[in-house]
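Here is a friendly walk through some strands and their neighbours. Have a look at the sequence and structure first, and then read on.

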Amino acid sequence: MKIKYISALLVLLAAAKVNAQQEMMLNSLQNLWHSNTSTNPAFFPENKHFVIGLPAYSIDAAHSGDLTYKDIFRKDGDRTIVDFDNAISKLDPENDLNFDQRLETVSFGFRSPNNKWGFQLGHAIAFSGALTYPKALPELLWNGNASYIGQTVEIGLQADIADWHEWSVGVMRQFGPLNVGVRAKYLTGISALRTDDDRHSMSIYTDPDIYQLTLKTDYAFYSSSIISAIDTADLGFDITLDALGNKLRSKNNGIAFDLGGVLKVGERLTLDASVINLGGLIKWKNDPRYFQSKAEYTYSGSTIPGEDILNGSDSLDFDTKLDTLNDIFRFSQTATDAMETRAPMRIYVGGTFELTKHWSVGLTVFHQKKDRDSNTAVGASVRWLPLKWLSLGAMYGVNNRSAANLGFHVAFTPGPVQVYFLSDNLLNAFALKSSPAANLRAGLALAF
Amino acid sequence: MQRKPILRLLLPILVMASMWSACNKSDFDQLDLADHNAEFAFPLFNTTLGLDDLLFKVLNDTLSGDTLFINPDNTMTLYYTGDVAEKPASDIFQTFPSGPAPIPDTLYQYPFNSPDGVTIRDALFKTGMINLVIFNNTGQNLTGTFTVEQIKKNGQKLTIPLNVPNNPVFPYSSPIFDLTGWRAESENNELTFRYELYTPDGVRVKIPEVSPGISGVLVVFQNLTLSYLEGYWGYSSYPLTRDTIEIDINQTDLDGGITIVNPKVTMLIANSWGFPTRGYIKYLSFIGQNGEEIPLITSAFNNDSTIDFNYPHYPNEIGQTKYTEVTLDENNSNIASIFNSQPTRLIYEVEGISNAEHDPTVIGFLTDTSSIKLGVRVELLLEGTAKNFGAEQEMDLNFGEYSDLDTSKIQSVEFKLVTENSTPISADMQIVFLNEAGQAVDSLFTDGAKVIMQSAPITNGVASGTTREENFIQMSATRFDRIRQTKKAVLKTSFTTAQGGTVPVKLLATNKAIVKMGIKVKTRY
């Protein structure tokens, strides 16, 4: 019983904790160093020649529908109550959870005194994931199967999760008003889990006769450095995880490229465009495994010989053998050399127009392509520079999920210091518990 | 104006502070699940009761001779069979015993053994050897022959050449003569032995006695077996069998009544003896429930309670087996009324009589494989009626994992009992749960209710189709908790055939009843 609640909790907890991030706001702040490392390799802080990028963290996540943290958790004195009743009611028949997280550990930037050449080195840890799960899964676990009698319930979830290191080297070149940059990234995979697109079916059927249970699976997933074994011999899933590690080097290698350009058109207008993670592909060589389960089993209860009942020669045994039922999910694993994951490719196209010395406006178009989905957003921003070292701004954005995203940023740049906090969705940022999405970024850099 | 830069500075600080406050609390230190109800449904058990399996068990089938035969039309016939009595030919074939026989004179009529009233006129040796032992104390060497007039092969009578040296100390033994394939033909149960011995001078001599009364010539038969015997069989009687057949169907612990349509007793004789034999039914009675004797009276036998067994006739049916079957049923006996009182056993005794008519012209035969076998069986076609034919069976119970459930989390349970009956029998059932001391703790159905499994539709006395019924049994968590701890239960069942047990129905081997149960458990957390 405990297992099922933990499973349900994990699914919805994950949905509530991660938020949404498009980084359109960062792309509009070309003067911040991390806009170079994250959105456009042609960006470089104005009038700076040497930059040290200190840690920056960003998260971009969203759950489909209106599910929020508060829908799952509520306070009762000092206790936090997990209540799936309300959460389940807000789920769609099929639910998506997307999340991207990026931790930029350190980076360095150099620009020649004449601004013609620029160079960049950096390291970051990226995490990208997508989950698709049916409403029936948490509903079945929370409310039981009685409400599904006579129905075949599909409970298989799909996942595409990976994290990796990025080691980057970039160069930029200025051609008059045009600044172009290119960055090569060496990717070393940390861990990944990806369900087979063609095999993600798990279903359970409760027969109206005497509630015989038929479980059917055709489910498979790839895993590297996450799961090493799944034992379904007893009731539940005993998942053996690989030793947690975050080695900087591994056999899971790949390459990606970032391309970007910035064009100054006149004194006030600046246009920019970039492609991030172009061709980003990691081939997983560090003990990749292919787990699969293909079975069909109907549990009809204990079969008692009729003559025993009449003869009284044996006991009437109601032992359920539910562990047998669970065991039909028995996963087998094989080594595979076909495991690949793609880093999500992002495209930014934008422009800023400087109205006055203190005010400017901008427009950013963002598109992200993952293996299983893509999303596009457009944001119009306004920036206010009340002080030389202070930047405040807002952005109105429209994306696949919502047409009502109000972003903001605040950045301090006293001397060489760059400290900032920004979000593409102001409401999410300040009300994480009541939003189905979140988008945050914060970072620190020194620019000389 | 001085305050404006300060406000500008405070603004981001406030923003950062509010963000922090939104994120820094740990909500998961004390995490509890909300109270809620869930309902789980899963199957408990299923069982299939085949009438054939059921009958095998319920009839307390411990006698190896009992057979439940499934007829081509899927009706079932229950056979109770007694031991098969056999009278083999070997009982007769001791006519020529092995061993030495004296020949007191040069011509001697040797009488061989034969059953009383039997005259052997032809016997074919299957195996056997013969030779002579001679004590020659005549003082001379002797030569000659030994002949048996009645033992011939290919028209030649048995002749053994003799060369007997004079030896008053050690007897002479002639070469061994193989009798295989030789035939002995006699009209008077005698063989004629003749020996002729001559001295070198051509004088025929008679071997003197070794001592007074002890012949100096012996004929020795060894390993004699016959493959065929022919002759006249006179009147003779001998016991064939006495046996008891248990009628288990009326010996169960089940209550109520059951009526069998047209029960039968069959006597089957397989006879390969080649002469007339009559069976004499010395005793044939059923024993009732209270031990009382109920004679089986029938017109199927001769007036003197005998049956003439069919037999293979000489000379054209040698080696054949003839069968005699006598059936006692409701048309020629009182068996139907006997079975209404549910007898528990049948006792019978049969004697055999050869040439009961004392016919002196009857010529018969035996081969070494001839025998008379006699068997009696009670034959019950399972067609009848039953009314409240029931029993109580005590069973051990094992609720397995359900015994360990935390019932404080259970709000209620609902059992779903489904019956699918394709038999012509209705049944009602109740389960009483017992504690360790054997005391009733609870029952599946309360207030006197029972689950009733209606019979399948009946067409021409045969079940046609299936009757499905669903019963839902609500149970509180308290009752469920009480019941799941029990280790024993008494299953009370009773069966009634169609229309209240008034119309005979046929029980088919394909008739089955399925009983299965599922459960819904409503939990609270």
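## Strands and their partners

In chain A, strand β8 (residues 178-206) runs antiparallel to strand β9 (residues 213-224), with 11 bridges between them. Strands here are DSSP runs of type E with at least two residues, helices are H or I runs of at least four, and both are numbered from the N terminus; two strands pair if DSSP finds at least two bridges between them. This is a predicted model, in which local features need pLDDT of at least 70 and side-chain atom pairs pLDDT 80 or more, while totals for chains, interfaces and linings use all residues. Residues count from 1 along each chain as its sequence is written, and chains are lettered from A and ligands numbered from 1 in the order written.

β8(A) and β9(A) make a hairpin with 6 residues between them, and A:Tyr211 in the turn has a positive phi of about 70°. β9(A) also pairs with β14 (residues 289-299) of chain A, again antiparallel.

Some bridge partners to find on screen:

| Residue | Bridge partner | Partner's strand |
|---|---|---|
| A:Arg194 | A:Tyr222 | β9(A) |
| A:Thr214 | A:Thr298 | β14(A) |
| B:Pro43 | B:Gly518 | β37(B) |

Another sheet brings in both chains: 5 strands form an open, mixed sheet in the order β15(A)-β2(B)-β37(B)-β28(B)-β34(B). Its edges are β15 (302-303) of chain A and β34 (467-476) of chain B, each pairing on one side only. Within this sheet, β2(B) and β37(B) are antiparallel over 13 bridges.

Finally, B:Val118 sits in strand β8 (residues 118-134) of chain B. B:Val118 counts as buried because it has 21 C-beta neighbours inside 10 Å (buried means 20 or more, exposed 12 or fewer, partly exposed in between, with C-beta atoms placed from the backbone).
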